[in-house]
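Please look through the sequence and the model below, and then follow the explanation one part at a time.

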Amino acid sequence: MLYRIVYLISLLPFKVLYIFSDVLAWLACDVIKYRRGVVRRNLVASFPEKPEKDIRKIEKRFYRFLCDYFIETVKLASMSPDKMRRHLKVENIEEINEAVRQGQSVSLYLGHYCNWEWVSSLPLHIDPAAKCAQIYHPLENKTFDKLLYRLRTRFDANNIPMKDILPTLITWKKENVPSVTGYIADQAPGLNIHLFVDFLNHETGAYTGPERISKFLGAKAVYGHMSRPKRGYYTLRFIPISENVKKENIFVTTRKYFTLLQDNIRETPQYWLWSHNRWKRSRELFNQYHGDKAADMLTHL
């Protein structure tokens, strides 16, 4: 029933949906003030060189984008493949398909930047010899979990829970099936981590799981650089990180990813997920948690 309601809403033209989005943005920013303290704190700390008026401008634009992201995700329910291709332009896809044709898997590093949900349409562009996958965290609310699962698999992407991703990729590797797997690796990890990076003026704990998996697969690694030339339209371009992660020294791939993501965010800051409490686990907490073992934790994947 929920999917049917979402589907009916998604049939509305973008122009109508964006009017609804503008109202939601005003409510979220100025009335409800949804996580506004977190957003402001993150922006001020990430851009200490910017004056307050610029921070407020980014903040306003962020809430407008956040609500656009919400209605654009709803729109997934009814978008045709042709319409999806028009609204998400994918450049230099041949770099991915060439690796796939040679039997090599590809790790696609993404951030919570622009509309990452629309990247689930990548199977429309990938050589059918490959399996396309994306990792997700199942929601506690089963109804909304089923809804998001259905939206994210509309274009035949494999939506795989984090706990199942490695066994799935191992199975495909044994079957000699190359994979193109998307990793949104800018979330706040727990304290069992192995790397801190300089990111947006913060000492930031980093997920290294994608690098470990990529080394196991001997995967090519690319960063999915996204831009939004106008409302409702995105461009996805692939920037090489490594031709074969297995041959790289540890942490090189992860560090390059965070540098590329940071550059992407600084281009147009309002399109990153500033409402996420990204820096809630500090180095100090890490050291307290691991005690004498803290230094050793940061020497290996």
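Against which helices and strands do the buried residues of α7 pack? In this predicted model, the buried residues of α7 pack against α1 (2–10), α4 (52–75), β3 (131–136) and β4 (158–161). The residues concerned are Asp-145, Leu-147, Leu-151 and Arg-152, which are the buried residues of this helix, itself running over residues 142–152. They lie on the same side of α7, because the arc that they cover around the axis is only 160°. On the other side of α7 one finds Lys-142 and Lys-146, both of which are exposed. The N-terminal end of the helix is capped by Asn-141, which has a side-chain oxygen 3.1 Å from the backbone nitrogen of Thr-143.

We can now turn to the aromatic rings. The structure holds 19 aromatic pairs, and one of them is formed by Phe-199 and Trp-272, whose rings are edge-to-face, with 5.8 Å from centre to centre and 85° between the planes. Phe-199 belongs to strand β6 (residues 196–199), while Trp-272 is in the loop between α10 (252–267) and α11 (283–290), so this pair ties together parts that are 73 residues apart in sequence. Both Phe-199 and Trp-272 are buried. Trp-272 also pairs with Trp-274, and this pair is edge-to-face because the planes of the two rings stand at 85°, with the ring centres 4.8 Å apart. Trp-272 and Trp-274 are both buried. Ring pairs link these residues into a cluster whose members include Phe-47, Tyr-109, Phe-199, Tyr-257, Trp-272, Trp-274 and Trp-279.

Other aromatic rings have a lysine over the face. Lys-173 is placed in this way over Phe-216, at 5.9 Å from the ring centre, and Lys-230 lies over the face of Tyr-233, at 4.8 Å from the ring centre.

Is Pro-189 buried or exposed? Pro-189, which is found in the loop between β5 (179–184) and β6, has a relative accessible area of 4% and is therefore buried, since the term applies to values under 20%. Leaving aside its neighbours within four places in sequence, Pro-189 is in contact with Gly-205, Ala-206, Tyr-207, Arg-278 and Arg-281. The C-alpha atom of Pro-189 is also separated by 9.5 Å from that of Thr-208, a residue that is 19 residues apart from Pro-189 along the chain.

Definitions and conventions
Residues numbered from 1 in each chain as written. Predicted model: local features only at pLDDT ≥ 70, side-chain atom pairs only at ≥ 80, totals over all residues. Heavy atoms only, no water. Buried < 20%, exposed > 50% of the residue type's maximum accessible area, 1.4 Å probe, protein only. Helix = DSSP H or I, 4+ residues; strand = E, 2+ residues; numbered from the N terminus. Arc of directions from axis to C-beta. Contact = heavy atoms within 4.5 Å. Polar contact = N/O pair within 3.5 Å; in protein donor to acceptor, adjacent residues only side chain to side chain. Phe/Tyr/Trp six-rings, centres within 6.5 Å; stacked < 30°, edge-to-face > 60°. Lys NZ or Arg CZ within 6 Å of the ring centre and 35° of its normal.
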